[in-house]
Amino acid sequence: MSSAATKGHNAPCSNRDFDFFYRGLEANRLLVQRCADCGTLRSLPSPGCGACGSLDWNECELAGDGMVHSYVIHHHPPLPGFATPLPIALVDMSEGVRILGAMDETDPATITAGLRVKVEFVRRGDIAAFRFRGA
Ligand SMILES: [Zn+2]
């Protein structure tokens, strides 16, 4: 098990595919993987490119703006650190990759497909995280 100092973040998930993402959040940066061979962006992090199969990738910082593609309102079971109802949105980022993120602090009644959103960096306890807010 890596320590927070060596992996660069406090998130409970730590492996060679996800650590860059959580280190990015520590620096208020939303990062995804960009295939080094074909340029395809991907999220969630994964070992290989779904488009060409390459195992080589680079970090790509997103500008943080996007549009809600779809969403759900989570009611049950309770999630530690979150109030319910909790909106969770699948967002088409301006760079063309989709990201799943919480929309806590947003009235669920105001969320629709097509809503423009921006990333907001937050801390959940000692873990760096992000959420989407209406732009
Ligand atoms: Zn590729």
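In this predicted model, Arg-131 counts as buried, because its relative accessibility is 13% and the cut-off for a buried residue is under 20%. Its side chain meets that of Asp-104 in a salt bridge, with 3.0 Å from N to O. This pair links distant parts of the chain: Arg-131 belongs to strand E8, Asp-104 sits in the loop between E6 and E7, and the two are 27 residues apart. Asp-104 also counts as buried, at 11% relative accessibility. As a general point, side chains of opposite charge can pair when their charged atoms come close.

A second salt bridge joins the side chains of Glu-120 and Arg-133, at 3.2 Å from N to O. Here Glu-120 lies in strand E7 and Arg-133 in strand E8, so the bridge ties together parts that are 13 residues apart in sequence. Glu-120 is partly exposed, with a relative accessible area of 26%, and Arg-133 is likewise partly exposed, at 29%. Salt bridges that share partners bring Asp-104, Glu-120, Arg-124, Arg-131 and Arg-133 into one network.

The structure holds seven salt bridges. Another one of these is formed by the side chains of Asp-92 and Arg-98, which meet at 2.5 Å from N to O. Asp-92 is partly exposed, with a relative accessible area of 27%, and Arg-98 is partly exposed too, with 39%.

The loop between strand E6 (98-102) and strand E7 (116-124) is also the place of Thr-106. This threonine, Thr-106, counts as buried, at 13% relative accessibility. Which residues does Thr-106 contact, leaving aside neighbours within four places in sequence? They are Pro-87, Ile-111, Phe-132 and Arg-133.

Attention now turns to helix H2, which covers residues 19-26 and includes Asp-19. Six of the eight residues of H2 are buried, so this helix is largely enclosed by the rest of the structure. The buried residues are Asp-19, Phe-20, Phe-21, Tyr-22, Gly-24 and Leu-25. What covers them includes helix H1 (4-7) and the strands E1 (31-35), E3 (57-61), E7 and E8 (127-134). Just after H2, Asn-28 takes a positive phi of about 55°.

Although Asp-19 is buried, it has no salt bridge. The nearest side chain of opposite charge is that of Arg-23, 4.4 Å away, whereas a salt bridge needs the nitrogen and the oxygen to lie within 4 Å. Not counting residues up to four places away in sequence, Asp-19 touches Lys-7, His-9, Cys-13 and Ser-14.

Along its principal axes, the C-alpha trace spans about 40 × 35 × 25 Å. Buried residues make up 36% of the 135 residues. Among contacts with a separation of 6 or more, 45% come from residues 24 or more positions apart. The accessible surface comes to about 7,400 Å², and 53% of it belongs to carbon and sulfur atoms. As for charge, the mean positions of the 13 positive and 15 negative charges are 0 Å apart.

Definitions and conventions. Residues are numbered from 1 along each chain as its sequence is written. This is a predicted model: local features need pLDDT of at least 70, side-chain atom pairs count only at pLDDT 80 or more; totals for chains, interfaces and linings use all residues. Side-chain values use heavy atoms; hydrogens and water are left out. Helices (H or I, at least four residues) and strands (E, at least two) are DSSP runs, numbered from the N terminus. Buried means under 20% relative accessible area, exposed over 50%, partly exposed in between (1.4 Å probe, protein chains only). Contact means heavy atoms within 4.5 Å. Lys and Arg count as positive and Asp and Glu as negative; His and the chain ends are not counted. Accessible areas come from the Shrake-Rupley method with a 1.4 Å probe; for residues, only the protein chains shown count as cover. The place of a charge is taken as NZ of Lys, CZ of Arg, CG of Asp or CD of Glu.
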